[in-house]
Amino acid sequence: LAATQPSTNWHLKENAREHHTSKFSSEELIVRRGQAFTVTFNGTEKPEQNLIFLAETGPKPSKATKTLATFDISSTVSKEGWSAVLQSTSSNSVSISISSPHNAVIGRYRLSVQIGSSSPTSLGTFVLLFNPWSSGDDVFMPNKAECEEYVLEEFGIIFAGNKNHISGFGWNFGQFQGDILNICLSIMDRSLYYRQDPVTDVSHRHDPKYLGRVLSAMVNANDDQGVVLGNWSGKYEGGKNPSSWTGSGEILQSWKKSGFKPVKYGQCWVFAAVLTTVLRCLGIPTRTITNFSSAHDADGNLRVDEFYDADGNHLERGADSVWNFHVWNESWFTRNDLGPSYSGWQVLDATPQEQSGGIYQCGPASRYAIKEGEVDLDYDCPFVFAEVNADCMYWNYDSATGKKTLIFSKSTEIGDSISTKAVGRDDRVDVTSDYKYEEGSAKERDIFKKARKKLGLEDKFDPTAPTQEEIEQKPDISGKFKVAGSLEVGKDLDLLLVLENLQSDAKTVNVNMTAWSTLYTRRPVNEIWKDSISVTLAPKEEKQFPIKIKYPEYQQQLTTDKTIQVTALCHVEDGIQVLVKRNITLDNPAIDIQVLGEAKVNKEVVVEVAFTNPIDTEVKDCVLQVEGSDLLQGILELRIPPLKASEKSSTKFKLIPSEAGLKHLLVNFSCDKFADIKTFKMVNVIN
C-alpha cells in the first residue's frame, strides 16, 4: 500500500454553498449537520478496498457519548448515524459524500480514514454546526426568510429608550467575520460545565437547549470568567462605557486577545447582542427582544416594590426594580422535554440578574409557557414571567420610623411594547401579544392567578403585601406629566404637571417635585432639580403647572443613558398621597451619513459623515467610530477637531467593500458634551 500522506480536497466552495456557510471566511470546511458534504482524497492505490472512516470530536471521543463515529462505504445514507457514499473514483483518488445525523454533536471534528488493515490516516478537521434548513434538526425553521434573518444576517437593530419614546440603534453581530467561529468554539470549552466534566459536556452539544443555557452563562463574566463584565454604576473607568460599543466582534476579539479576561463593560443589550452573535454563528436561529418597563423581581413574589420618600425622591430600597427597558434573546428550537406546543421561540438571558442552579444563567424558557402562565416548567419561567407581568406597588417610606404606606398599585405597568427587528426590513415589530394576553383582560388576570398559584403565592400569607383595603382606596386627585417641548440633549426640558380634582369639593395639595438623572435601570444617579408648590383645586378643576429644567442645569448631571425621572409626590389634605412620575429619555442630536457614488466590490467608495454642534458652547474630544461587516475590516476610528457653537463638521473616509449585497454601515460619534450619537446606513454593494 502507498504510505504517502493522503491530500484532501474539501470542496470548500461547493460544500459551503450547499450548507449556507459561504459567509464564513475560513480555509477549514464548515458544514451543517444532517446534510451530505463531499470530500476527495488521494493516496489510495485501490480505492475499492475497504475504507473505514472515523469522525471524532472532544477530548475523549467514544461511541457511547456519540463523539466518535466509525463508518464504512455504503450505498445509501444512514437514517441514524454517520455514513459515506462513494461518488467517484479515479486511479488514485476517491470522492466520498459524507452525511452526519440530524442530532450530531456540533463542534470541530477530526476526520481520518483507515485503508484495509493499516492504521488510520488523518484527512484533517472540519467544523459541524446546527442546521435550521434541515427538517430533522431541533433548530429547523421552515420559513427560509427567517433563516436568512436569524442565522445569516450580520446586522441588527436593538430597541431602547422607554415605552413612551422607543428608539433603536444598529448593531454589527459579525458572526461570520475573521476568527469569530473559533472564539465561539473556545467559549464552549471554557464553561464551568466543560471544566467540571468535559466528556459529558461535549456529549450534550447536540442539544440547543443545553448549549443555549451554557452560553447564557458564558457570555457574562460572573462565575466563569466569561466574555463580558457587567457594570451598572454609571462610572466606567478602566473599561469602555457599555453604550459605546457598536458590534460584538470587537468584544469577542478583545476577550480572546487578553487571554480570556472578561471585557469591560456591558449592560443588558451588550450581553444579548454577544449571545446573538455566538448562537447565530453556531447555527441556532436567534434574535434580540426588548421589553419596556421590565421588572426585575428579586424575591420571586411576582410583585415589584418601589419606595419614595416624602419629597418624592425614588429610594434605592429592596432588591426589586423596574428598568426602562431590558434586552434578552429568543432562540428557535424544539422542546422535546416539554412537548410540541412549547417548541418555537425560547427566552435566553445572558444578563447576570439572578442565579439559576447556583450560577448566573437564564433559560431556555418557552415563550408559550410564559404566555400560558406555566411557570413550573424548565427553565427559569417564574423570573421571565415576572419581567413581563409583575404587579407594581408604589410605597411611601419614612426612614425615621421605618413605616411604609402604600401610595398605589398597578397591574398594567410592566411588560410594554415588547419589540424586535422585522425580518428582512429595518423596522420594529411588536411581539407583546406572544408573551401575554391583552393587558387588563379577564384572561390575562386568570393567567396571573394561575402563575401565582403554581408558585404557591395564593395560599401563603405575605406580611409585606398591602391589605385589600389599601389597594382599593381611591385618590381624590389625579396627575400626569406632559412633555411640552422637544426631548433633545442640549435643549431645555419643558414639562407640564397636570393635576385634576376628582371630587366635588375643593382640595388643597402640597406637591414635592424632584428630577434625577438615572441609568436606564431607573437607578437614581444625580439630583438635577427640586421644587415644591402648594395648590388649591376647585371642585373637578384641572390645572397645569409649567416646569422648565434648563440645559446647563442638567448637562453635568446627565448619564450617558440620557434618562431623567421626574416625580411629584402630592400630599392631599385629609386624603391619600398621589404619586405622579415620568421617565424621560432624551434624544441625541442627529448625525448624517452619505455614500458618495456607487459601492462596488473591491472598489474604493467615499463616505461623508456630517454633524452640526447644536449648543452654544464649543464641543471637543470628538471621535468618530465606524464599522460594518463586509464594508471594512475591524473598526475605523477618526479624531475630529473641536466644533464651535452651531459649527458643522464634515468628515470623509474611504471604504472598500468585500462582498456584494445589502450591507449596513454603523457610525458612532462622541464628544465631551454628547455621548454615543449612533446611526446606520444601508449600503447596496454591487459586483
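Which residue in strand 19 does Gln 346 stand opposite? Keep that pairing in mind as the tour begins, for it is reached at the second stop.

Before selecting anything, note that this is a predicted model, in which local features need pLDDT of at least 70 and side-chain atom pairs count only at pLDDT 80 or more, while totals for chains, interfaces and linings use all residues. Residues are numbered from 1 along each chain as its sequence is written, and side-chain values use heavy atoms, with hydrogens and water left out.

**First stop: two helices**

Select helix 3 (residues 180-188) and helix 8 (residues 268-282), whose axes come within 10 Å and cross at roughly 100 degrees; helices here are DSSP runs of H or I with at least four residues, strands are runs of E with at least two, and both are numbered from the N terminus. The axes are lines fitted to C-alpha atoms, for helices over the stretch in contact, and angles run from 0 to 180 degrees between N-to-C directions. Helix 3 and helix 8 are therefore roughly perpendicular to each other, a term that covers 65 to 115 degrees. Where they meet (contact means heavy atoms within 4.5 Å), helix 3 contributes residues including Ile 180, Leu 181 and Met 188, and helix 8 contributes Thr 277, Val 278, Cys 281 and Leu 282.

**Second stop: an open sheet and a helix across it**

Next, select the open sheet of 6 strands, which has the order 19-18-17-14-22-23 with antiparallel pairing; two strands pair if DSSP finds at least two bridges between them. Its edge strands are strand 19 (365-366) and strand 23 (428-430), each of which pairs on one side only. Strand 18 (residues 344-348) is joined to strand 19 in the antiparallel sense over 2 bridges, and here Gln 346 stands opposite Ser 366.

**Last stop: an enclosed strand**

Finally, select strand 34 (residues 622-627), where 6 of the 6 residues are buried, so the strand is largely enclosed by the rest of the structure. Cys 622, Leu 624 and Val 626 lie on one side, with Val 623, Gln 625 and Glu 627 on the other. Strand 34 runs antiparallel to strand 35 (residues 636-640), joined by 5 bridges, and Leu 624 has Leu 638 as its bridge partner there. Strand 37 (residues 661-670) also pairs with strand 34 in the antiparallel sense over 5 bridges, and in strand 37 the bridge partner of Glu 627 is Leu 666.

Terms used:
Parallel < 35°, antiparallel > 145°, perpendicular 65-115°, else oblique. Buried < 20%, exposed > 50% of the residue type's maximum accessible area, 1.4 Å probe, protein only.
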